[in-house]
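Hi,

Here is the structure I promised to pass on. Have a look at it first, and then read my notes below.

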Amino acid sequence: MTLDNIKLNQPVKVRKVHTEYVPTKFVQLGFIPGALISLERPPLKNGLLYIVLDGFYIAITQEIAKKIEVEKIA
């Protein structure tokens with residue numbers, strides 16, 4: 001599953017980041033395998049997802065989110 005498909009307030013863990021498509025700044029922000037993420041509010045019409053990454057609030061485009069693989073936390 002990719003980050004753009006998670007449900008509101010569903011905690012997930014980053015499994016893989018396709019660094020060839022994701023800008024380096026996202027890896028520097030903490031989009032690395034094992035990082036905990038949840039969707040803070042529903043996607044906006046402008047294509048932005050507001051997420052919480054290890055306690056920090058970040059806006060990310062759906063295009064970038066499609067390149068980040070995640071898995072559900074049990």
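**What I found**

Ile64 has a relative accessibility of 13%, so this residue counts as buried, the cut-off being under 20%. Keep in mind throughout that this is a predicted model.

Ile64 is found in helix 2. Leaving out residues up to four places away in sequence, Ile64 touches Tyr21, Val22, Pro23 and Phe26. As for Pro11, that residue is 53 places from Ile64 in sequence, and the two C-alpha atoms are 18 Å apart.

Five of them make an open sheet in the order 4-3-2-1-5, and the pairing is antiparallel. Strand 4 and strand 5 are the edges, each pairing on one side only. On average, neighbouring strands in this sheet are turned by 45° against each other, if you ignore direction.

Here is how some of the pairs look:

- Strand 3 and strand 4 are antiparallel and share six bridges; Val52 stands opposite Tyr57 in strand 4.
- Strand 1 and strand 2 are antiparallel too, with two bridges; Val12 has Ile37 in strand 2 as its bridge partner.
- Strand 1 and strand 5 run antiparallel over five bridges, and Val14 has Val70 in strand 5 as its bridge partner.

Is Ser38 buried or exposed? Its relative accessibility is 18%, so Ser38 counts as buried, again with under 20% as the cut-off. Setting aside neighbours within four places in sequence, Ser38 is in contact with Ile6, Gln10, Pro11, Tyr50, Ile51 and Val52.

**The core**

Which residues touch the most other members of the largest nonpolar core? They are Leu3, Phe31, Ile37, Ile51, Ile60 and Ile68, out of 20 residues in that core. Two or more core residues come from each of strand 1 (12–17), strand 2, strand 3 (48–53), strand 4 (56–61), helix 2 (62–65) and strand 5 (68–72).

Not counting residues up to four places away in sequence, Ile68 touches Met1, Thr2, Leu3, Val14, Lys16, Val17, Val22, Phe31 and Ile60.

**Rings and charges**

Searching the whole structure turned up one aromatic pair. The ring centres of Phe26 and Phe31 are 5.8 Å apart and the ring planes are at 70°, so this pair is edge-to-face. Both Phe26 and Phe31 are buried.

The charged end of Arg41 is over the ring of Tyr50, 4.3 Å from the ring centre. In the other case, the charged end of Lys67 is over the ring of Tyr21, with 5.0 Å to the ring centre.

Cheers

Conventions. Residues are numbered from 1 along each chain as its sequence is written. This is a predicted model: local features need pLDDT of at least 70, side-chain atom pairs count only at pLDDT 80 or more; totals for chains, interfaces and linings use all residues. Side-chain values use heavy atoms; hydrogens and water are left out. Buried means under 20% relative accessible area, exposed over 50%, partly exposed in between (1.4 Å probe, protein chains only). Contact means heavy atoms within 4.5 Å. A nonpolar core is a set of buried Ala, Val, Leu, Ile, Met, Phe, Trp, Tyr and Cys residues joined through side-chain atoms within 4.5 Å. Helices (H or I, at least four residues) and strands (E, at least two) are DSSP runs, numbered from the N terminus. Two strands pair if DSSP finds at least two bridges between them. Axes are lines fitted to C-alpha atoms, for helices over the stretch in contact, and angles run from 0 to 180 degrees between N-to-C directions. Rings of Phe, Tyr and Trp (its six-membered ring) pair if their centres lie within 6.5 Å; planes under 30 degrees apart count as stacked, over 60 as edge-to-face and the rest as tilted. A charge sits over a ring if NZ of Lys or CZ of Arg is within 6 Å of the ring centre and within 35 degrees of the ring normal.
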